[in-house]
Amino acid sequence: MNESRMTWYKKGLKDGIPIALGYFAVSFTLGIAAKNAGFSAFQSMITSMLINASAGEFAGFTLMAAGAGLLEVVLMEAIANARYLLMSCALSQKLSPDTPLHHRLLLGFYLTDEFFGLSVSVPKTLNPFYTYGMISLGAPAWAFGTYFGCLMGNVLPVNIVNALSVSLYAMFLAIIVPPARKNKTLLVLIIISMLASYLFGILPIVSEISSGVRIILLTILLSGAAAILFPIKEDVTNES
């Protein structure tokens, strides 16, 4: 591993610390849902190692606990995780054209909202080892948090479990607030996105659409409008 890769990896490790802490807290409540669905602590940990998607896992465990069929679970997982298709397309534009396939596959497998948020905000070209640094802490924290949540989550007071479940939202705000303070256009777009998401959740027709599909629609509409109204000049300079 050359010096440039090691430098980016260490930076990813540093930036991944709050993500790992947030993942551990949130996956603790996920472990409780896994236990209610009949999973053992080990099984829930393996599930979180193979499925890096909070909404997808929560939906899957909830459906299984309710006795849903295989087709229902598959369809719900596809809808809940469809937004990652858009994230993968966006993140691929940050990579150097000569990035090997195995790097692209690894990034795609471990792509989450938080890893995407920090990776896509890197100036110019993304070095995959920056994201690997975050993954090195975040992925184990997510898996082991699920394990311990399934093992002993039900013995914790309800107010503590509820507090853990909202910590990821606070962490995500910590990701988007700093760049929004530097870029007024981005700040306005974030506010519009929040308002649009709220309206989509209460308006008569669109509120009946699943949350996963609503996210996709909002992402396409708002990002498309932003790209047309506020285009970013492309910098062809790549960083190794």
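In the predicted model, helices α6 and α8 cross with left-handed geometry. Helix α6 spans residues 101-109 and helix α8 residues 128-152; the two pack at an angle of about 35 degrees, and their axes lie 11 Å apart. On the α6 side, the contact is formed by His102, His103, Leu106 and Leu107, while α8 contributes Pro128, Phe129, Thr131 and Tyr132. Classified by residue type, the contact of α6 with α8 comprises five nonpolar and three polar residues, with no charged residues.

Nine aromatic pairs are present in the structure. In one of them, the ring centres of tyrosine 23 and phenylalanine 115 are separated by 5.7 Å; the ring planes meet at 70 degrees, over the 60-degree limit, and the pair is therefore edge-to-face. This pair connects distant parts of the chain, as tyrosine 23 belongs to helix α1 (residues 3-36) and phenylalanine 115 to helix α7 (residues 113-120), 92 residues apart. Both tyrosine 23 and phenylalanine 115 are buried.

A further pair is formed by phenylalanine 24 and phenylalanine 28, whose ring centres are 6.3 Å apart; with an angle of 50 degrees between the planes, the pair is classed as tilted. These two residues lie four positions apart in helix α1, and are therefore separated by about one helical turn. Phenylalanine 24 has a relative accessible area of 34% and is thus partly exposed, whereas phenylalanine 28, at 7% relative accessibility, is buried. Phe24 and Phe28 form one aromatic cluster together with Tyr147 and Phe148.

Technical notes:
Residues are numbered from 1 along each chain as its sequence is written. This is a predicted model: local features need pLDDT of at least 70, side-chain atom pairs count only at pLDDT 80 or more; totals for chains, interfaces and linings use all residues. Side-chain values use heavy atoms; hydrogens and water are left out. Rings of Phe, Tyr and Trp (its six-membered ring) pair if their centres lie within 6.5 Å; planes under 30 degrees apart count as stacked, over 60 as edge-to-face and the rest as tilted. Buried means under 20% relative accessible area, exposed over 50%, partly exposed in between (1.4 Å probe, protein chains only). Axes are lines fitted to C-alpha atoms, for helices over the stretch in contact, and angles run from 0 to 180 degrees between N-to-C directions. A crossing is left-handed if the near helix is turned anticlockwise from the far one by less than a right angle, and right-handed if clockwise. Contact means heavy atoms within 4.5 Å. Ala, Val, Leu, Ile, Met, Phe, Trp, Tyr, Cys and Pro count as nonpolar, Asp, Glu, Lys and Arg as charged, and the others, Gly among them, as polar.
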